Structure formats: structure tokens, C-alpha cells
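Colleague: Can you walk me through how the helices pack? Put the model up first.

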Amino acid sequence: MKENIAALTEKAMQLTKTVTTRWTSRIAGSSACLESADFLREYVEKFCDETEIHPFKVRPAAFLGYLKINVFFYFATIVALFFQQFVVAAILAIISIVIMVFEFYFFKEFVDFLFPEKDGKNVLGTIEPNAQVKQQIILSGHHDSAHIFNFLTNDPSSYVRKIMIASLAFYVSAITCLVLLGLQWANYVNPILTYIVMGVVIILGFWVGQLLKFYRKEGTPGAGDNMICSAIAMEVGRHFSDEKKSGNGLKHTRIVVASWDAEEAGLRGARAYVKKHKVSLQSLKTYNFNLECMYDHKELGLITSDINGFVKHSSAMVDEGIAIGKQLGYVIKKVDFPLFAGGTDAAEFSKMGVEATTLAGMSWESIRDFPAYHTPRDTIEAVDSKAVEMSIALSIQYVLEKDKQLRHRKSAQ
């Protein structure tokens, strides 16, 4: 088995290198991203029983594009304050917070309609069990790559500080506008107080203005985040396909290998898939074992929550994964997803009531310690092959354990 894991790791690394050098940027909706999806389908066709391209519509520019809208509202708020139009200022400030909360905190498609529609493609491959299907495990990663984040590329040490101050500025702006509006309604207008407050908002505007340079139109190579994880899922699928051909296939567990599109656009690809397959996902016991960011095997962990901590994952899956890791001699962490960390595709399954979690090889709380994340440095050289090897071994053993549980349950009956 150890030799097989090493071979699968090498195949996953090679596939990732091929994709990330042929399509060095794969922004959702771009021709490069769509072409890479077609390539991946051809790849999984070699060993899967069935393959599918799941097309969907997406407005990828919305997920980060809302920042420009909010910057506009922020400076429009300053203008309204200057002319002492406190009602207008308060409305503008509150709107910007509402947009930020819905678009980023909860990943809702709140202002997406303002942005152009593009095509997206999820890639899926299925390996059927030898007997009746009683459960399915979706092993997944995503093949689209992120926009280059200038904050992380140029000065990663200041990334968290810049984000926190800019976010805080919107709340400070809204609170001060509401206070001034209340004072105006109470017939207490103090010009000096007004200009002091406006000065604070203007100073914070320096940090807000930097959001216009937060990201570039160009995408990263996306090797560690997250092509390697799609490759891991595919090579695990290959393993079970080979086992089936040799007469040692799974008994009752269907394997679905998935490479999502538009994860970096707010999980839109996984969301489209879950929405389309809601009935089948809820009628057949399903698990989503998602993978993300293979940068450091020492940071490998299973996340207990998602989308900035607001979506809860399956505690049973996390505990089982940690226990299996221990059997393999691995230390797998239990990770609570922090605010401002974003989200992973597993969230869309957990929101639907499907058991899910994500195995990740980085810490979102110390993001500055991972210099490749969302930068041009995210090449195959940034991927930790040890993390890949451990993830493949853990994924395989997790699938085997879940299938074994069904066999034992049947024999007990």
C-alpha cells in the first residue's frame, strides 16, 4: 500500500504541474478555466465508470467586485457628511455594511446581478461499487484559481491588519453617521463635533481606499489552492477503480470524484451542483470529503465550521478523520474556521444537511506564514508533497472505513 500511495502522490503532483503550467491562470468564467475542466474530464474518463461535465451560470466578478461598490459608498458617505446630509450618509454607510455582510460574511449572491454572467463547469467522475449502492462519498477539490491578492503578494505581514482596519472603518462610519443623525433629530448640531467625526472617517478612508488595489484581474497558477486537491481526489478515485478491476472493489459505497469550478467566486460551482442534486443528495446517504490548500503537512486539519465560522460541519466526520489519521500515525488537527477566512466548498453540502468537512494543509489564522497562497508563487513548488501523500492515505482509509461499517452493519442484521 505504501508504494501505491507514493505512486498516486506522484501522479497527483504531475497532473497538477501539467494543468498549472498549461493554464497558468484559471479565473472562473475564463476560457482557460473552461478548457482545464474539459481536460480534467478526459483525465478521469480513463478510470471512472461515468463522467460528467456539469455546466452552470455564474457571475464570478461579484464576489470581490463588491469591494469597489463599497469603496464608492464609503467616499460618498464622506461627501454626504461634509454637506451635513446625515440621513443620506447613514443610508449609504448601512448599505455598504449590508453588502459586505451578505456577500462576504455569508457568501450570499446579494449584488451578483450587477455583474456579467459567465459559464462554469464542474467535473465529476463516478466509480460504482460491486453491490447495491447504499451510500456515496464525494471526494472533491476545485480547479479554478484565485485572483492575485496584492496585499499577500507584496506585504503578507500586513494583510490581516489592512483587512481588519478597512472592515472596521465601515462600521465606524455607520455608527458615527447614526450618532450625528440622532443629534440632528434632537436639534443638537455641533459643527466642531461634525468635523472631528468626519476627520476620523476620512483618515480611515485611507485604509478603505486601498481595497481598490486589493486584487488583480490576473489569477494565480493555483497549484496549492487548489488544483492539487482536485488531483488528490482523482487519484484516490483511480485507486478504487483499480481495486475494483482487480476484484477488491468497494461493496456498497459509490465514489464520486469532483472538481468544482468557481470556488474562488464564492463557492458558486459546488452550490450549483448541490442545488441541482438536492433530492438525490438527501435521499442517498452522502458524505463530502473536501480538500483544500496543501501547503504544509504539519498544519493538516479537518475543519469543524465554514464560511467565516457560520456554517457547522459534521463533527462525526471530523472525529472519524482524526481517529483514522491517528491509526496511520498522523497528527490531524481539529480546526475551527475563523472570521474573515472565507469558505470552502464543503459548506454548500453542510448547508443542505449533507455530512461534510474539509481537510486542509494550512492555517487560516496565520495566513501570512503561507507566502504562496493567492499569489503568483502558488506553483507546484509551493505544494507540500508530504501533505499530498498523507491526504491520499487518509482519504483512502476513510472510504474503506465507511464501506466497512456498512458491511458490518449488514452482517450484524
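Predicted model: local features only at pLDDT ≥ 70, side-chain atom pairs only at ≥ 80, totals over all residues.

**Helix packing**

Modeller: The buried residues of H7 pack against helix H3 (62-82), H4 and H6. Contact here means heavy atoms within 4.5 Å. Helices (H or I, at least four residues) and strands (E, at least two) are DSSP runs, numbered from the N terminus.

Colleague: Which residues of H7 are buried?

Modeller: Thr194, Val197, Met198, Val201, Leu204, Gly205 and Val208. Buried means under 20% relative accessible area, exposed over 50%, partly exposed in between (1.4 Å probe, protein chains only).

Colleague: How far does H7 reach from its first C-alpha to its last?

Modeller: H7 covers residues 191-209, 19 residues, and reaches 26 Å. That is close to the 27 Å expected at 1.5 Å a residue. The expected span is 1.5 Å times one less than the number of residues.

Colleague: Now H4 and H6. At what angle do their axes cross?

Modeller: Roughly 150°, with the axes of H4 (residues 86-105) and H6 (residues 159-185) coming within 8 Å. Axes are lines fitted to C-alpha atoms, for helices over the stretch in contact, and angles run from 0 to 180 degrees between N-to-C directions.

Colleague: Roughly parallel or roughly antiparallel?

Modeller: H4 and H6 are therefore roughly antiparallel. Angles over 145 degrees count as that, under 35 as roughly parallel, 65 to 115 as roughly perpendicular, and the rest as oblique.

Colleague: What classes of residue make the contact of H4 with H6?

Modeller: 17 nonpolar, 4 polar and no charged. Ala, Val, Leu, Ile, Met, Phe, Trp, Tyr, Cys and Pro count as nonpolar, Asp, Glu, Lys and Arg as charged, and the others, Gly among them, as polar.

Colleague: And how do H2 and H8 pack?

Modeller: H2 (residues 31-44) and H8 (residues 223-245) pack at about 20°, axes 11 Å apart. That makes H2 roughly parallel to H8. Leu40, Tyr43 and Val44 of H2 meet Met227, Met234, Glu235 and Arg238 of H8. That contact has 5 nonpolar, no polar and 2 charged residues.

Colleague: Switching topic. Is Ala341 buried or exposed?

Modeller: Buried, because its relative accessibility is 14%. Ala341 lies in the loop between strand E11 (333-335) and helix H12 (346-351).

Colleague: What does Ala341 touch?

Modeller: Asn308 and Trp364, not counting residues up to four places away in sequence.

How values were computed
Residues numbered from 1 in each chain as written. Heavy atoms only, no water.
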